Amino acid sequence: MLLTKQLLAFRPTKLDWIFATKTFLAGMLALYVAFALNLAYPIWAIGTVFVIANPYSGMTSSKSLYRVLGTFLGAAVSVIALPHLIHMPVLFTVFLAVWVGICLYLSLLDRTPRSYVSMLAGYTAVIICYNVVYFIDTASIFDMAVGRFLEITVGVLSSAVVTTTIFPMHIGPAVETRVSKTLDDTKTIFDKILSDPSQLDDYSQALGNIARDIADIHVMAVHLSYEKSTLKGMTRPLQEMLNQLSLLVSNLVAMSERMKQLDQLDPNYRAALDQAHAHIVEFLKDQHDIDEATLNQLPERFEQDFKHLQAQALPSQQVMLGSLKMDIRHFIQNIRAIRLLWQRVKQGDSTFPVTMMAMNSVSYPTLHRDAGVAIRGGISACIIILISTGFWIMSGWKAGFMMAEMAAISACILTAMDNPVPALKMFIRGNIYAAFFVFLYAYGIFPHITEFWQLFIVLAPFVMFCLMLFLHPPLIGISLPVLMGTIMGLNFQNRYSLDQILFFDASIGTVLGPIISVFIINLVRAMSPDITAQRILAQHYKAIRQALYLPYGLQFRIHLRSMLDRIGVLNTKMVQSAKLKQYIQLALVESSAVIDLTRIQELANKLEPESDVINGLEALQQDLDDYFRAKENNQKNVLANLLQQIVNKINHLNIAAADIKNVDVAQRIQYSLNNIQSSLCHVSSQVPEQDQRIEAIHG
């Protein structure tokens with residue numbers, strides 16, 4: 001009912017018309033070329049155009065390349081394996097099931113567009129092998145593989161020609177707009193943090209959304225190498241700029257937490273802070289190009305403003321103000337680093353500043369990966385192929401190959417979702433609707449078609465309408481399977497004929513295959529957003545434990561970048577539990593304090609060995625490890641005791657730090673201890689110990 005209302009309310013925009021027209025022309029061009037070359041299955045040429053369709057030429061080009069590579073790999077595997085296994089059906093089935101499972105596993109681990117290569121390599125081998133078995137008397141494995149590769153290539157080239165010549169839309173301007181908006185959002189939140197304390201509780205969600213946007217732009221930047229926009233070739237510097245921007249989010253969260261602490265004690269310090277804020281804003285408004293030599297420059301009155309601020313504040317606020325000053329200094333320096341990188345990107349300069357320790361100067365996993373979900377996805381695909389192919393073999397149903405193919409395809413295409421089952425059910429509905437359109441065209445229209453231009457005209461209304469729905473996420477779930485099911489079911493060929501028995505058999509197979517996938521995925525792979533969020537939170541707590549032992553440097557910054565990316569992923573989950581939503585917001589706060597774990601290690605190296613402070617810091621490190629291990633394993637019964645131990649050790653360390661002769665080291669240790677207690681453990685600090693209220697929120 002909801003889908004019907006959305007379809008009735010749909011009104012195509014100018015962009016919808018342009019996109020649909022270009023894609024339809026590319027599809028018909030691919031079909032015409034496939035006919036001219038007398039390829040065996042022209043449907044794969046036109047179908048490829050619709051599968052890779054995207055309004056942005058860069059995305060279309062990159063997906064085209066990945067589809068060709070995936071098809072080539074799948075075709076090569078089928079050519080190598082099938083001749084040796086075709087007479088051993090059981091081993092043949094097991095091999096294909098394991099191959100698809102491994103390919104899907106690798107695909108789910110890769111959150112970039114390159115994941116398309118391994119996923120396609122998996123089910124392409126299934127499609128080629130099963131078609132060879134079905135047409136074993138008339139086709140060879142090599143001819144089938146080469147034909148499949150040529151058909152895909154024709155579709156890819158046709159799409160590339162049309163999308164790059166007719167009203168091309170580049171992703172570069174879209175990326176530039178998203179980046180500019182994200183930068184503006186961070187500045188707006190910075191101003192609100194320092195000037196409007198009444199809305200501090202809302203900032204965690206806003207900053208979480210920025211973390212999510214950074215992750216999205218990071219993936220979009222991959223496509224820049226495949227188009228001729230102003231940002232072509234700027235993928236690496238742009239992604240490094242986003243890495244720096246993610247650290248900026250950590251600065252903002254830390255600032256908001258210190259402001260909350262300060263306001264709880266006494267808000268009268270804000271008059272002096274407003275003056276410092278005004279000078280910082282004026283400094284950041286300077287639109288002149290930033291020189292690498294002055295990258296770490298601060299506002300002229302920065303030190304004076306904070307001396308005045310500390311003079312106006314209470315003694316109990318001094319530690320928090322010192323920490324706030326450090327966070328604001330890092331924020332200013334990060335802003336300038338980001339501006340310098342963005343300035344160079346827009347000038348077409350892909351080099352990095354010599355003074356900047358670029359995170360993507362080495363190969364590392366910047367993006368969150370869930371190996372558990374990938375394994376379950378691979379296992380579910382393996383089971384689906386074993387069941388569907390086994391049923392085909394045991395039943396002797398000749399057209400069962402279509403059921404097995406559709407089962408393999410549907411096992412792969414939507415498994416990146418938390419729960420693919422609802423989308424797969426929509427996919428099944430689309431195939432049922434497609435069978436109706438195939439019947440209508442095949443028996444009501446095509447008998448009267450004798451020329452290609454006539455085929456062009458009769459397909460235009462249906463195909464154009466489906467394509468117009470592609471740019472609307474709620475509607476593409478039904479329009480894509482309807483369009484692809486219809487095109488594949490019509491099975492265009494130079495000498496067109498339709499076998500009625502095969503038509504009905506294939507229609508049944510296209511529905512039964514996804515039904516098998518739905519059943520198995522629901523048992524093995526599907527999980528609710530709440531369960532997924534809980535799994536990611538467990539990985540978050542594990543990452544905090546790992547950060548306990550990382551010295552500050554490139555490796556730590558890489559680790560923190562992956563933690564913040566994980567927060568961005570968490571903010572995409574539509575969780576229902578109010579507690580989980582709170583935990584997700586607190587995870588961002590916890591990530592902002594991880595740097596204090598490394599600061600303490602760095603400061604401890606400046607102290608005398610075997611001192612009471614060093615021994616206390618080592619004991620605190622072990623307690624924090626135990627605490628977050630308990631959170632990771634959901635051991636709620638021990639959290640309260642561990643938290644109390646941590647608070648007691650922090651109180652003793654604060655007292656011991658006061659006796660350190662090096663005043664700067666003593667103050668910095670107190671800053672970090674305050675941040676750990678407040679942001680990592682969520683415990684109020686700087687109040688009398690007997691009145692201290694421990695809030696074991698995660699318990």
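Begin by selecting L15, I18, F19, K22, T23, N54, P55, T163 and M169, which line the largest cavity of this predicted model (on a 1 Å grid over the protein atoms alone, a cavity is a set of points where a 1.4 Å probe fits but cannot get out, and lining residues have an atom within 4 Å of a point). This cavity holds about 70 Å³ of space, a volume being the space filled by probe spheres set on the points, which are joined across faces, edges and corners. Colour helix α2 (residues 14–36) next, as it gives the most to this lining, with five residues; helices are DSSP runs of H or I, at least four residues, numbered from the N terminus.

The model is predicted, and totals for linings use all residues, while local features need pLDDT of at least 70 and side-chain atom pairs count only at pLDDT 80 or more. Residues are numbered from 1 along each chain as its sequence is written, and side-chain values use heavy atoms, with hydrogens and water left out.

Now select Y41, W44, I127, I128, N131, M144, R148 and E151, the lining of the second largest cavity, to which α6 (115–134) and α7 (141–165) each give two or more residues. About 60 Å³ of space lies there.

Finally, turn to the second largest pocket, with a volume of about 840 Å³ (a pocket is an open set with protein on both sides within 12 Å along at least five of seven lines). Among its 34 lining residues, H330, Q333, N334, Y552 and I595 are the closest to its centre, and α22 supplies the largest share of the lining, eight residues.
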